[in-house]
Amino acid sequence: MRTVRDGHLLTLTLGRPDKLNAMNAPEWRALHAAVRKAEDDEGVRVIVLRAEGRAFCAGNDLTAMAECRTRAQARAYFLDTMLPAFAAMATSPLPIIAEVGGMAIGGGVELIQFCDLAVAARSATFRLPEVRVGVWPTVFAGAAPSLGQRRLAQVLALTTEPLTAEQARAAGLVTHVVDDAELAEATAEVARGVANGARAAVGHTKRFANRELIEHGLPAVRAALEVMIEQTMFTPEYEHGVAGFTGRREAADG
């Protein structure tokens, strides 16, 4: 993950385009650390989360997930590594703006869910395909009721069909949709507008706007992850789904 500071704006760039910016343990730790470090910099007033390449984020790297061979390893990955990054995004006083170009899949949609604003390219798509692999979108499902997104979670998670950028805006997942060529400048313009607010006042606004998410959504996400680890992972259905996916990925890479 690259970090670039420009005035009051801190840009975090997911930098694994060859993996469609899929997240692994080092990336989750880097995101967590970058958000917390930004909080300590009085000059930073807004964070932009963006990505290199043709995808925003393809979610968790299933190859990395397949390396979790025990429940202890899974708990270390999901509860001790991934969840703290989402918690940092929700509780940080700094507004976080997603700049979404291309695909957002699985955990990539969840990253957007935990951002405060989201600017999407018109060609961007949003999809939660986890149930087809034998897992389920725990973070999105856990947080959705606290964000008024119960129906959206059901549509995305149960049908696994993608949403367009305009559909995502209508559903409240993204806040702005712009032409692809205008994405970077449009995001910067939104960020500049947010940065004009007084840092403390903006922080209080975000904290109270996220109160339901922090007090109820995050505990629900943790509970969902625990259920996934105990009841979904390490079952024949899960093993078959992940093996099938990683086999297809290896064949495509080969």
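By class, 16 nonpolar, six polar and eight charged residues make up the lining of the largest pocket. Here Ala, Val, Leu, Ile, Met, Phe, Trp, Tyr, Cys and Pro count as nonpolar, Asp, Glu, Lys and Arg as charged, and the others, Gly among them, as polar. The model is predicted: local features need pLDDT of at least 70, side-chain atom pairs count only at pLDDT 80 or more, and totals for chains, interfaces and linings use all residues. Residues are numbered from 1 along each chain as its sequence is written, and side-chain values use heavy atoms, with hydrogens and water left out.

The largest pocket holds about 590 Å³ of space. Its lining has 30 residues, and Ala58, Leu62, Ile105, Pro129 and Val133 are the closest to the centre. Elements that give two or more residues are helix H2 (62-66), helix H3 (71-91), strand E6 (103-105), helix H4 (107-113), helix H5 (138-143) and helix H11 (236-253). H11 gives the most, with four residues. A pocket is found on a 1 Å grid over the protein atoms alone: it is an open set of points where a 1.4 Å probe fits, with protein on both sides within 12 Å along at least five of seven lines, and lining residues have an atom within 4 Å of a point. Grid points are joined across faces, edges and corners, and the volume is the space filled by probe spheres set on the points.

Now turn to the second largest pocket, with a volume of about 400 Å³. It is lined by 22 residues, and Cys115, Asp116, Leu117, Ala209 and Asn210 lie nearest its centre. H4, strand E7 (117-121) and helix H9 (199-209) each give two or more residues to this lining. H9 has the largest share, four residues. By class, the lining divides into 13 nonpolar, seven polar and two charged residues.

What secondary structure does the protein have? It comes to 11 helices and 10 strands. Helices (H or I, at least four residues) and strands (E, at least two) are DSSP runs, numbered from the N terminus.

Six strands form an open sheet of mixed pairing, in the order E1-E2-E3-E5-E7-E10. Strand E1 (2-6) and strand E10 (176-178) are the edge strands, and each pairs on one side only. Two strands pair if DSSP finds at least two bridges between them. Strand E2 (residues 9-14) and strand E3 (residues 46-51) run parallel and share six bridges.

E4 and E6 run parallel and are joined by two bridges. Cys57 has Ala104 in E6 as its bridge partner.

Finally, the overall dimensions. The C-alpha trace spans about 55 × 35 × 35 Å along its principal axes.
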